[in-house]
There are 2 protein chains.
Amino acid sequence: MDQPLLGDVFGEMIRDAYAVRTGIGPRPLAGGRVPRPVVEVIERDDGLINGAPADHYLAGPDEWQPHDHRALRLVRGAVLDIGVGAGRTALELQKRGMAVTGLDTSAGAIEVARKRGLRDTVLNTVDAYARSGAGYDTFLLLGNNLGLIEGPERAPAFLAALASLARPGAQIIAQGTDPYGTTDPVHVAYQRRNAERGRLGGQLRLRLRYRLLATEWFDYLNCSVDELEKLLDGTRWRLASVDTEDRPYYVAVMELCA
Amino acid sequence: MDQPLLGDVFGEMIRDAYAVRTGIGPRPLAGGRVPRPVVEVIERDDGLINGAPADHYLAGPDEWQPHDHRALRLVRGAVLDIGVGAGRTALELQKRGMAVTGLDTSAGAIEVARKRGLRDTVLNTVDAYARSGAGYDTFLLLGNNLGLIEGPERAPAFLAALASLARPGAQIIAQGTDPYGTTDPVHVAYQRRNAERGRLGGQLRLRLRYRLLATEWFDYLNCSVDELEKLLDGTRWRLASVDTEDRPYYVAVMELCA
């Protein structure tokens, strides 16, 4: 059986989801006729596979979860939306007259965000962009993008990159998920296996697939607030507040140490 | 990375889809909280992967496609619904007072069909059931289940099994899909590659995955009506009529030769 090809999985998926939502451009069809809903396929390294409809990446504010709205109320100054995707939250901030830059490593995602009207976009990693000399007051990691800190190995460099881009008094607003409330035996076993391997319980090893494409395997972190605080130790960021109203999802605000 | 486990993929998926639709029983959750839509993941041997929401397997008549309704109008006598799944069409026939038996190789599917009220079910292959001495007037292969004839190697044995179960004048009512109308380059290339390997263009090599489980790889046939007619050559069945109103989907009626 052929292996999938490495490529811009997220970008191809978002392009198709955008075509389905707007009716503009070629859309995936079942049997060449019926529009096929665009589904994100996520594989985990224990063999788990999940599919999730991709349309939520394009959702308007009326379709958001409550914590998204509460998170945006905390935004101030110049904003860097990290993992901007199709611009779901960045477009709303732009509409409110805020200075917002959307950063993503997916060329397809950036293309869709621009088509939807997002003016300031950066196709880059945070690490490379950290050397640009740009400065921000708020870093946004919504849509569970706290996961992008990956785990204990990656977090210090990721947080240092944001510190390089931070103006005095800058904040990170990040939405995360506490993985430890689950009773699903598949997830409980995965967390135990992670712990046995010296990883955080919710340090997921994933790859995304869409049609013929796959990403490389990467780490994506679901951590508790306690674990997040430990990851901040020795960095230039400290935890300022946590909104846990929509448990197990939370919105953490981290501030740059003076 | 761990490989998925072999198991009753379809059954586990249908159990979860049933739990989501009815609110009865444990349901898959995202983050231990938000119900996760149940998605069928289908891998093809060229590396293609597709996810499709599984809820349509439980759809009521008001949610069906028009050709499903037209197909059921052709049903007469004692019915064997092959690949009955969650009983989508069999339950409707039972409600209309018809004698209908639902056959499936998935224990989980049969369990859900019975929970939904289907009285006469068989957990078996058509080949093994062909030796049971049962007799039917109509064999139903809806929901694209014409695909179960797999291809030129398998079709004669599959059709012979149905002939063993056939009463005089019996018919097969099968819904298929003509694959050759597509312009999707991924599918066009797949059809060419199949042809180069001496396979029918739409002879798909697939496996299903759900959570930790996968099926073995199996063939599933999307064929044109012309190809179907050739597959009937030398069998006890002949093509009697084809409804192509919902092209590329069609409903073929095959009759037992006297």
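Biologist: What percentage of the 258 residues in chain A is buried?
Modeller: Welcome! This is a predicted model, where local features need pLDDT of at least 70 and side-chain atom pairs pLDDT 80 or more, while totals for chains, interfaces and linings use all residues. Residues are numbered from 1 along each chain as its sequence is written, chains are lettered from A and ligands numbered from 1 in the order written, and side-chain values use heavy atoms, without hydrogens or water. Buried means under 20% relative accessible area, exposed over 50% and partly exposed in between, with a 1.4 Å probe and protein chains only. In chain A, the buried share is 56%.

Biologist: How many helices and strands are there in chain A?
Modeller: Both are DSSP runs numbered from the N terminus: helices are H or I with at least four residues, strands E with at least two. Counted in this way, chain A has eight helices and 15 strands.

Biologist: What radius of gyration does chain A have?
Modeller: The radius is taken over C-alpha atoms, and the globule rule is 2.2 Å times the number of residues to the power 0.38. For 258 residues, a compact globule would be near 18 Å. Chain A agrees with that, at 18 Å.

Biologist: Which side chain of opposite charge is nearest to D16(A)?
Modeller: D16(A) sits in helix 1, residues 9–22 of chain A, and is buried. Lys and Arg count as positive and Asp and Glu as negative, with His and chain ends not counted; a salt bridge needs a Lys or Arg side-chain nitrogen within 4 Å of an Asp or Glu carboxyl oxygen. D16(A) has no salt bridge. At 4.7 Å, the nearest opposite charge is on R211(A).

Biologist: Is A99(B) buried or partly exposed?
Modeller: A99(B) lies in the loop between helix 3 (88–95) and strand 7 (100–104) of chain B. Leaving out residues up to four places away in sequence, A99(B) is in contact (heavy atoms within 4.5 Å) with G77(B), A78(B) and V79(B). Because its relative accessibility is 48%, A99(B) counts as partly exposed.
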